[in-house]
Amino acid sequence: GHDETTPVVEGARRIEVTARSVEFDPDELTVTAGEDVAIVLSSEDILHDFTVDDLDAHVAAEDGASNEGGLRADDP
């Protein structure tokens, strides 16, 4: 769901993402199939969220804060 942050697997590769206005930096992420990653989302202005519906992945960060959520794509 979009209300809960996806758990992070211990040892996951951390990917830092900054959100501001209507854009993310970086604007593209590359992960390897089967790799556990932690999306570390930092917001610079308002509440932002990072969601991948097909993977049931979600993380949100309030203005001026950071939060991290897990993501794993088993298929390429």
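Q: What makes the link between the side chains of H48 and D45 a polar contact?
A: In this predicted model, the side chains of H48 and D45 are joined at 2.7 Å. The cut-off for a pair of N or O atoms is within 3.5 Å. The value of 2.7 Å meets that limit, so the pair is called a polar contact.

Q: Why is H48 called buried?
A: H48 has a relative accessible area of 10%. Buried means under 20%. The value falls under the limit, so H48 is buried. H48 lies in strand 4. Setting aside neighbours within four places in sequence, its contacts include A19, L41, S43 and V59.

Q: Why is S43 called buried?
A: The relative accessible area of S43 is 5%. The limit is under 20%, so S43 counts as buried. S43 is in strand 3, residues 36-43. Among the residues it touches, not counting those up to four places away in sequence, are A19, H48 and A61.

Q: Which backbone atom lies 3.5 Å from a polar atom of the S43 side chain?
A: The backbone nitrogen of D45.

Q: How do you know that strand 4 and strand 5 pair?
A: Five bridges join strand 4 (residues 48-52) to strand 5 (residues 57-61). Pairing needs at least two bridges. Five meets that, so the strands pair. They run antiparallel.

Q: What do strand 4 and strand 5 form, and which residue in the turn has a positive phi?
A: The two strands form a hairpin, with four residues between them. D56 in the turn has a positive phi of about 50 degrees.

Note on methods:
Residues numbered from 1 in each chain as written. Predicted model: local features only at pLDDT ≥ 70, side-chain atom pairs only at ≥ 80, totals over all residues. Heavy atoms only, no water. Buried < 20%, exposed > 50% of the residue type's maximum accessible area, 1.4 Å probe, protein only. Polar contact = N/O pair within 3.5 Å; in protein donor to acceptor, adjacent residues only side chain to side chain. Contact = heavy atoms within 4.5 Å.
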